[in-house]
Amino acid sequence: MKLPHHHRYGYSDIASRADFNWPGGRRLAVYLGLNAEVFAYGSGLGAELAPGGPQPDVLNYAWRDYGNRVGLPRLREMLDRLGLPCTVLANSAVYTECPGLIESFRARGDEIAGHGRSNAERQGILTEAEETALIAEATATLAEQEGRAPAGWLGPWISQSAVTPDLLHEAGYSYVLDWCHDDQPVWMTTRTGRILSVPYPQELNDIPQIVARKREAREFAEMIRDAFDLMLAESARRPLVMGIALHGYLMGQAHRAGPLEEALRYMQERGGDRVWFTTAGAIAEAFADRP
């Protein structure tokens, strides 16, 4: 029996790989992925707080809009208190729909990575020409606004076609976040070279846990602490990447932000000089630059 395969990477047992250190001799790289997303009013995709009624679904649209108006600013202020960086996964339409929001994270020195045009659509269902145009449009907007092209990409809804890694490499991207198959970066082949897959969490991600599995903030924060403790211990044997994926309309809610901040403070206090709090882009650069 021969199963269909993506042929992007081969199998590798993480315990058998060559050892290395992250910058400064650190062993566990931790990054926060803050999703800055916009949605179409009256149509398109979007997470739901509760089952929506006929369009326009004001309940769920306004709940998601809260994330950009209040939730992300609240998380930004939390990161300021903690002195932590983040990677902002930005829909390109956020610049026009929420003027000043991405700019406020830029002012902190955070990384701005590509995240499609909006989260009202999926790219994986498009034709190759349409997907190429989507990537080009989103990339051009971020490059114009930020003064340089983004290095990394997360597809809206983790949506990929059979050729997405090829198109991203051809568009100049050096890393992709859609694949959650490892705790270390993994090189993936494309038709014109290779692109790095940086681990992006689908377990330590507030959408699957809070929206899909109906867990609440303190349980999610406990999951973060538990994962951190185990990965910090494992990192003595091998370097690891721990990502935490956040959305303003979920963990930016007033009743959820406190447990998140407690978990992040716990990580800072316990990790010491073994932990590198960084961005996804810095992780990609450090891994790619290894001898």
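**Close-up views of a predicted model**

**View 1. The largest nonpolar core.** The largest nonpolar core holds 51 residues, and those with the most contacts inside it are Leu28, Leu34, Ile224, Met242 and Leu264. A nonpolar core is a set of buried Ala, Val, Leu, Ile, Met, Phe, Trp, Tyr and Cys residues joined through side-chain atoms within 4.5 Å. Buried means under 20% relative accessible area, exposed over 50%, and partly exposed in between (1.4 Å probe, protein chains only). Helix α7 (residues 217–234) gives the most to this core, with 8 residues. Helices (H or I, at least four residues) and strands (E, at least two) are DSSP runs, numbered from the N terminus. Another core, of 20 residues, lies apart from it, and Ala29, Tyr175, Ala245 and Ile283 are among its members.

The model is predicted: local features need pLDDT of at least 70 and side-chain atom pairs count only at pLDDT 80 or more, while totals for chains, interfaces and linings use all residues. Residues are numbered from 1 along each chain as its sequence is written, and side-chain values use heavy atoms, with hydrogens and water left out.

**View 2. Surroundings of Ile224.** Leaving aside neighbours within four places in sequence, Ile224 is in contact with Leu204, Met242, Ile244, Leu260, Ala263 and Met267. Contact means heavy atoms within 4.5 Å. Ile224 and Met242 are also listed among the residues with the most contacts inside the largest nonpolar core.

**View 3. Gly67 in helix α1.** Gly67 is found in helix α1 (residues 58–82). Gly67 is buried, with a relative accessible area of 3%. Leaving aside neighbours within four places in sequence, its contacts are Leu72, Pro73, Gly248 and Tyr249. The C-alpha atoms of Gly67 and His247 are separated by 7.0 Å, although these residues are 180 apart along the chain.

**View 4. Helix α3 and its buried face.** The buried residues of helix α3 (residues 101–108) are Leu101, Ile102, Ser104 and Phe105. Seen down the axis of α3, they fall within an arc of 155°, so they line one face of the helix. The arc is that of the directions from the helix axis to the C-beta atoms. An α-helix has 3.6 residues a turn, so residues three or four places apart point the same way. What covers the buried residues of α3 includes β1 (28–36), α1, β2 (87–90), α2 (94–97), β3 (111–114) and α4 (128–146). Just after α3, Gly109 takes a positive phi of about 90°.

**View 5. Strands β2 and β3.** These two strands pair in the parallel sense over 4 bridges. Two strands pair if DSSP finds at least two bridges between them. Thr87 has Glu111 as its bridge partner in β3. Glu111 and Ala113 point one way from β3, whereas Ile112 and Gly114 point the other way. All four of these residues are buried.

View 6. A salt bridge is a side-chain nitrogen of Lys or Arg within 4 Å of a carboxyl oxygen of Asp or Glu. By this rule the count comes to 17. Arg108 forms one with Asp110, the closest N and O atoms being 2.5 Å apart. Arg108 counts as partly exposed, at 24% relative accessibility, while Asp110 counts as buried, at 7%. Asp80, Arg108 and Asp110 are linked in a network of salt bridges. Elsewhere, the side chains of Arg27 and Asp19 meet in a salt bridge (3.0 Å, N to O). Arg27 is buried, with a relative accessible area of 11%.

View 7. Arg256 forms a salt bridge with Glu216, with the closest N and O atoms 2.9 Å apart. The pair links distant parts of the chain: Arg256 sits in helix α8 (residues 254–271) and Glu216 in the loop between α6 (206–212) and α7, 40 residues apart. Arg256 is buried at 7% relative accessible area, whereas Glu216 is partly exposed at 37%. Helix α8 is also the place of Glu261. Glu261 is buried, with a relative accessible area of 14%. Not counting residues up to four places away in sequence, Glu261 touches Met78, Arg81 and Leu82.

**View 8. Cysteines.** The structure holds 0 disulfides, a disulfide being a pair of cysteine sulfur atoms within 2.5 Å. The sulfur of Cys98 is 15 Å from the closest cysteine sulfur, in Cys86, too far for a bond. Cys98 is buried, with a relative accessible area of 13%. Cys180 is partly exposed, at 49%.
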